[in-house]
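This report describes selected features of one structure. Please consult the sequence and the coordinates alongside the text.

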Amino acid sequence: MRQKTEQEAYLTLAALCANAEHCQWEMTEKMRRWELSDEAQTRVMERLVKERYVDDERFARAFVKDKVRYNKWGRRKVEQALWQKHIDETVRQQVLDEVDDADYIQVLRPLLQQKRRSTKASSDYEMNMKLIRFAISRGFTMDIIKQCVNVDDDAEFMD
């Protein structure tokens with residue numbers, strides 16, 4: 001792959017950002033792979049941010065919304081993914097705090113109902129432990145899991 005010029009890198013990244021949300025780290029990684037100089041990377045990134053092609057807070061909001069709604073991820077898994085994308089701690093916490101516990105419960109309850117139907121267990125305790133492990137693997141926190149697993153009316157949970 002031939003090395004891109006600063007202008008080519010800017011145009012490519014601007015087109016990419018116009019189609020979908022991307023964070024600064026992703027753009028920097030692309031430029032690093034293109035072997036752009038550090039000074040050129042800085043200038044391109046400053047221009048992308050100034051022209052609002054790249055906005056980490058906007059990216060984080062869209063990312064969290066998509067991962068919770070479509071991928072059915074819990075808070076912990078989303079938080080870890082944002083950390084891997086080098087999103088600032090304050091932005092991460094602010095965006096994650098905007099998601100209400102009810103949203104997580106609304107996602108987790110049907111997941112657990114489906115998992116309960118496809119899981120075999122010899123006792124209620126064993127079934128609950130399997131469901132809890134499953135929910136933890138999806139990134140949900142114990143307080144949310146308890147609200148979904150410890151339903152008093154089993155008929156409501158089995159619907």
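How many nonpolar, polar and charged residues are in the lining of the largest pocket? The lining has five nonpolar residues, one polar residue and six charged residues. The model discussed here is predicted.

## The largest pocket

The largest pocket holds about 260 Å³ of space. Its lining consists of Arg61, Val64, Lys65, Val68, Arg69, Lys72, Val95, Glu98, Val99, Asp103, Gln106 and Val107. Two or more of these residues come from each of helix 4 (56-69) and helix 7 (101-118). Helix 4 makes the greatest contribution, giving five residues to the lining.

Lys72, one of the residues that line the largest pocket, is located in the loop between helix 4 and helix 5. Its phi is positive, at about 60°, although Lys72 is not a glycine. With a relative accessibility of 33%, Lys72 is classed as partly exposed.

A positive phi of about 60° is also found at His86, which is not a glycine. His86 belongs to the loop between helix 5 and helix 6 (89-97).

## Met127 in helix 8

Met127 is part of helix 8 (residues 124-137). Is this residue buried or exposed? Met127 has a relative accessible area of 10%, and it counts as buried because the cut-off for that class is under 20%.

When neighbours within four places in sequence are set aside, the contacts of Met127 are with Arg116, Thr119 and Ala121. Between Met127 and Phe59 there are 68 residues of separation in sequence and a C-alpha to C-alpha distance of 38 Å.

## The buried face of helix 9

Helix 9 spans residues 142-149, and its buried residues are Ile144, Ile145, Cys148 and Val149. Viewed down the axis of helix 9, these buried residues fall within an arc of 120°, and they therefore line one face of the helix.

## Confidence of the model

The mean pLDDT of the protein is 90, and 92% of the residues reach at least 70. Among the elements, the highest mean pLDDT, 96, belongs to helix 5 (residues 75-84), whereas helix 10 (residues 154-158) has the lowest, 44.

Over residues 152-159, pLDDT remains under 50. For this stretch the model has 14 contacts beyond four places in sequence.

Notes:
Residues numbered from 1 in each chain as written. Predicted model: local features only at pLDDT ≥ 70, side-chain atom pairs only at ≥ 80, totals over all residues. Heavy atoms only, no water. 1 Å grid on protein atoms, 1.4 Å probe; cavity = no way out; pocket = protein on both sides within 12 Å on 5 of 7 lines; lining within 4 Å. Points joined across faces, edges and corners; volume = space filled by probe spheres on them. Helix = DSSP H or I, 4+ residues; strand = E, 2+ residues; numbered from the N terminus. Nonpolar A, V, L, I, M, F, W, Y, C, P; charged D, E, K, R; others polar. Buried < 20%, exposed > 50% of the residue type's maximum accessible area, 1.4 Å probe, protein only. Arc of directions from axis to C-beta. pLDDT = per-residue confidence, 0-100. Contact = heavy atoms within 4.5 Å.
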